[in-house]
Amino acid sequence: MAIEKIWVLAESADGKPTTTTLELLTAARSLAGTVEAVGWGEVASCAATLGEYGATTLHDVGDLAGSLPGVPVAAAMAQAIRAGGAPDAVLIPATYDGRDVAGRLSARLDRPVLTNVVGLTAADGGLETEHAIFGGAQVAKARFTGEGPGLFVIRAKSFAAEASGGGAAAVSPLDVPDTGTSGGATVLARHAEERSGPKLDEAEVVVSGGRGLGEKDQYAMIEELAGLLEGAPGASRAIVDAGWVPYAYQVGQTGKTVKPTVYLACGISGATQHLVGMKGSKNIVAINKDQDAPIFSVADLGVVGDVHKVVPKLIEAIKARG
Amino acid sequence: MNVVVCVKQIPDPAAPPSLDTANTLDRSGKLILDDSDAYGVEMALQLADAAGGGEVTLVSMAPNGEVSGLRTALAMGAAKAILISDDALVGSDALGTAKVLAAAIRRAGPDLVLAATESTDGYTGTTPVQVAELLGFPSVTFAKKVEVSGSTVKVERQTEAGFDEVESPLPVVVTVTAGVVEPRYPSFKGIMAAKSKPVETLTVADLGIDPAQVGAAGARQAITSVTAAEARQSGEIVVDEGDAHERIIQFLEQLKVL
């Protein structure tokens, strides 16, 4: 099965395609002659940018009338695939909505899905995926053996986004069939949470806290340090599980992949779950009182010390610089 | 209100993981309840309680008739469990697993199905939504708050920007993020009671599933290689003598972050 056509699930926010969408379009362009995007909501306003990154057509599901995207978008894609013109592969960003679309589409088409993909190459007429396993210590490669289209859920920052200079994608409407009882979940209201600094997965500096902080209140110093460095605060799974900070803060296998210029891990031991989400950072600083903590194996600068002593001094020293 | 919680029994994440000869995770040893699933179990118990009664049923697929993790969740207060264990399931992927879980859930006829957003060991993160599609149920993923009133569930769903208030009719599949509720510790009485709670063990044939749809063959995918990743060089280690913060400042200055 040669790879001729790839669909990319295009997500947008504030009238612009998300960075991951552009990363996937760039990867798709290098793997297939024809790249098409599938989107919903306000995505038509992104047709120019999607085209610039390689999409020739934008299949637009349009307004979802308050439905969560998973069911209607997957149903529309499945219907179009069955009607002919199916792509050989569908690349889907590993996001809240992307994963919903992937799961729904997989079950609807009865096709397996490969998730947590961090690399994709052409091999033997098909696609071979890369997955970082065991905290990134090993790389597993996999491929589909059955009938296409192959469904791939790809983690953010797996590819660099590069424009190709193409013209705007032609917008083509995609109809949603009747989804029966499965389409019953509707959004009543959307809430944006106040965020003062940069987004966690886009920040140049990320300061994360872990269980070594000891108690919930101590997380305030992580936020303060992140603020002083114009970075974003992050967290290990342990303190998200403990309810100290929301899930949105989590860096790791479950949670966000970050690749900032500097990653400061404070009181994080470095469980494989965490390492896989931050190992790609350009520079890593770790503060932990246990000198045998696995986090030190990936740190460019490791400080064996008490976060409760080192971090407040660091904060004071940065403040003193004005 | 009857609630089904999908729970996974996994190798202890604290122990170093290993691959078997098929390059899939070695699950031959003792398995424990995935920590991520304790939130769903707790949520189910609280919701059933708030609804004025009803049963919490666990549904799990595991090799070798493993029940250790189920006993933990039963000790928390779940009433019973359905375990699907069958050699034909070795090598199943997320969709194959979903087919099995959906068939078992259908037997339980729940008002609500809860699951974690993803398992700790495989972390595919699609199984609950695949289950919902196979059952024809709506789904709401990444819930950070769940309330049921009458035949409707209201969920606060995590989004990139914040959260959405989502409403869905029952029956529905909801996946819960960690930290949404505080899982209770099983009491001694709970642990004793769990030993005699019913665990129905089923095979693929019991569920009327074609064995070709599940297991390694049904997965229609192959792991072509597993190799060591390029190791990251470990760097400078400083033991804090009260001035380590100065070294960090210096490091940040070099990177022009300061």
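Why is strand 14 (residues 205–209) of chain A largely enclosed by the rest of the structure? Five of the five residues of this strand are buried, so the strand is largely enclosed. Buried here means under 20% relative accessible area, with exposed over 50% and partly exposed in between, using a 1.4 Å probe and protein chains only.

Before I go on, the ground rules. This is a predicted model, in which local features need pLDDT of at least 70 and side-chain atom pairs count only at pLDDT 80 or more, while totals for chains, interfaces and linings use all residues. Residues are numbered from 1 along each chain as its sequence is written, chains are lettered from A and ligands numbered from 1 in the order in which they are written, and side-chain values use heavy atoms, leaving out hydrogens and water.

Back to strand 14 of chain A. A:Val205, A:Val207 and A:Gly209 point one way, A:Val206 and A:Ser208 point the other way, and all are buried. Strands are DSSP runs of E, at least two residues, and helices are runs of H or I, at least four, both numbered from the N terminus. Two strands pair if DSSP finds at least two bridges between them. Strand 14 runs parallel to strand 16 (residues 262–266) of chain A, joined by five bridges, and A:Val205 stands opposite A:Val262 there. With strand 15 (residues 232–235) of chain A, strand 14 pairs in the parallel sense over four bridges; A:Val207 has A:Pro233 as its bridge partner.

Now the two chains. Contact means heavy atoms within 4.5 Å, and 84 residues of chain A are in contact with 81 residues of chain B. The area buried between them is about 7,300 Å², with carbon and sulfur atoms giving 55%. That area is the accessible area (1.4 Å probe) that two parts lose on being put together, summed over both.

A salt bridge is a side-chain nitrogen of Lys or Arg within 4 Å of a carboxyl oxygen of Asp or Glu. Between chain A and chain B the count is twelve. One of them links A:Arg104 to B:Glu133, with the closest N and O atoms 2.8 Å apart. Helix 4 (residues 96–109) of chain A gives the most to the side of chain A that touches chain B, with nine residues.

Strand 18 (residues 301–304) of chain A runs parallel to strand 13 (residues 236–239) of chain B, joined by four bridges. In that pairing, A:Val304 stands opposite B:Val239.
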